[in-house]
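User: Hi! Could you walk me through this one while I have it open on my screen?
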Amino acid sequence: MDVFYSVKANSNLSVLRHLKELGAGFDVVSGGELLRVLAAGADPSRVSFAGVAKTAEELLLAVKHDVIVHVESAEEVPRLQEAAASLGRRARFGIRINPGVKVDTLVHMQTGSDRAKFGVTSEVATSLLDRVVAGEFPDLVPLGVHMHVGSMVPEPADMVRAAAVLVDVLRHGRESGLTTMRRLDLGGGFPISYDGAALPSPADFAAALEPLLEGLDADLVLEPGRYIAGPAGVLVTSVTLTKRPAGRRMVLVDTGMHHFVRPALYQAAHRILPLEERPSAGPAEVVGPICESTDQLAPAADLPDLAPGDLLAVMDTGAYGMVMASNYNNQPRPPEIVVSGGQARVARRRETWQDLLMYEE
Ligand code: LLP
């Protein structure tokens, strides 16, 4: 089993370098992410590139660096062939299959149902492999199949049903003589518990998948993002002031939806804890400085009495945190601090107001 970390979850260079040291490969979804993993010293042969709408420039970049391209439509395959031919190289690719399995996760995180924009059906995948066998794409080398059925997958059985669709396509390819077809990439999606409730672990997924994979002789690849990065990060914020609109307890802090958009975007519930443990004073609404009423980090966090300057930690923000941050309201983004072995260091410096002017004339 091989891990290709999903870079979109947290792409800080220090995080990427650390994961590379631990032996991870990388899954990227843009030219920017690709250049970032290369800057972190990744071995390009252990990088895959997914994405529904890769531009011609991105395809050329991928072929030039010999990364594995996960094609997401029949229309993309001739484009990849053209990129490979124009560079006089062979391109290694996998087919992202949309197994048509609806996973019971948040609707925004479903990617594997038959209406999603991602991947191709298994029928399209088999016909693409037949076209490879027929010699239509002479510069393409098929390595296997790929899926990502969604994030926070709650039921291992869902993943097994979807993986079974991929296994059939992989077998079809091999039976047609495509001996390079070895990769069975099941994507990411291991859930993490944001509220302490019990969830299936990777071991539960492994146990559920075992019968399907028995005797298959394939190279299993997984692309976890959140499971690796999520619990490893916290967002520390300082209380700016507190107030009591209509008698409700409200805590206003110096971060919000611009730095951490999951609560506003998905109604995601992240625990908020005081850095200094003190007895609770009951539920408080925690909101940020942005001029939007959706700029709320928690509707009712259990918090002690707070004063300006007190520090709070928004928990489990290591995945889909900084990578989704923006400069909305011309707010600079915070620094990223890596803590390792009791040592803290600035891995990305704090943005300044001056930084916000630098792209414009
Ligand atoms: N592989 C592919 C092709 C993906 O599209 C994704 C996530 C992953 C792997 C990693 O999934 P994970 O193991 O992290 O669940 N912004 C949302 C999540 C969107 C994830 C999209 N794709 C959030 O904040 O929850």
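Analyst: Happy to. A word on labels to begin with: helices (H or I, at least four residues) and strands (E, at least two) are DSSP runs, numbered from the N terminus. Residues are numbered from 1 along each chain as its sequence is written. This is a predicted model, where local features need pLDDT of at least 70 and side-chain atom pairs count only at pLDDT 80 or more, while totals for chains, interfaces and linings use all residues.

User: Good. In which loop does Tyr-320 lie?
Analyst: Tyr-320 lies in the loop between E14 and E15. Strand E14 covers 311-314 and strand E15 covers 336-340, and Asp-316 is found in that loop too.

User: Is Tyr-320 buried or exposed?
Analyst: Tyr-320 counts as buried, with 23 C-beta neighbours inside 10 Å. The cut-offs: a residue is buried if 20 or more other C-beta atoms lie within 10 Å of its own, exposed if 12 or fewer, and partly exposed in between, with C-beta atoms placed from the backbone.

User: And what is the phi of Tyr-320?
Analyst: Positive, about 55°, although Tyr-320 is not a glycine. Asp-316, also not a glycine, has a positive phi of about 60°. Asp-316 is buried, with 23 other C-beta atoms within 10 Å.

User: Switching to the ligand: how many residues surround it?
Analyst: There are 20 residues around the ligand, and the closest are Ser-151, Gly-188, Gly-225, Arg-226 and Tyr-320. A residue is near a molecule or strand if its C-beta atom, placed from the backbone, lies within 6 Å of it.

User: What sort of residues make up that shell?
Analyst: Eight are nonpolar, seven polar and five charged. Here Ala, Val, Leu, Ile, Met, Phe, Trp, Tyr, Cys and Pro count as nonpolar, Asp, Glu, Lys and Arg as charged, and the others, Gly among them, as polar.

User: What unit do E1, H1 and E2 make?
Analyst: They make a right-handed β-α-β unit, with helix H1 at residues 13-21. Right-handed means that, with the strands pointing away from the viewer, the path from the first strand over the helix to the second runs clockwise.

User: Next, H2. Which of its residues are buried?
Analyst: In helix H2 (residues 31-39), the buried residues are Glu-33, Leu-34 and Val-37. They cover an arc of only 105° around the axis, so they sit on the same side of H2. The arc is that of the directions from the helix axis to the C-beta atoms. Gly-32 and Ala-39 are exposed on the other side of H2.

User: What about H3, which residues are buried there?
Analyst: Glu-58, Leu-59, Ala-62 and Val-63 are buried in helix H3 (residues 56-64). Seen down the axis of H3, these buried residues fall within an arc of 135°, so they line one face of the helix. The face of H3 turned away from the buried side carries the exposed residues Ala-56 and Glu-57.

User: Over to E9. Which strands pair with it?
Analyst: E14 is one, antiparallel to strand E9 (residues 235-243) over four bridges, with Leu-235 opposite Val-314. Strand E10 (residues 250-253) also pairs with E9 in the antiparallel sense over four bridges, and there Val-239 stands opposite Val-253.

User: How many residues are there between E9 and E10?
Analyst: Six, in a hairpin formed by the two strands, and Ala-246 in the turn has a positive phi of about 50°.

Notes
Two strands pair if DSSP finds at least two bridges between them.
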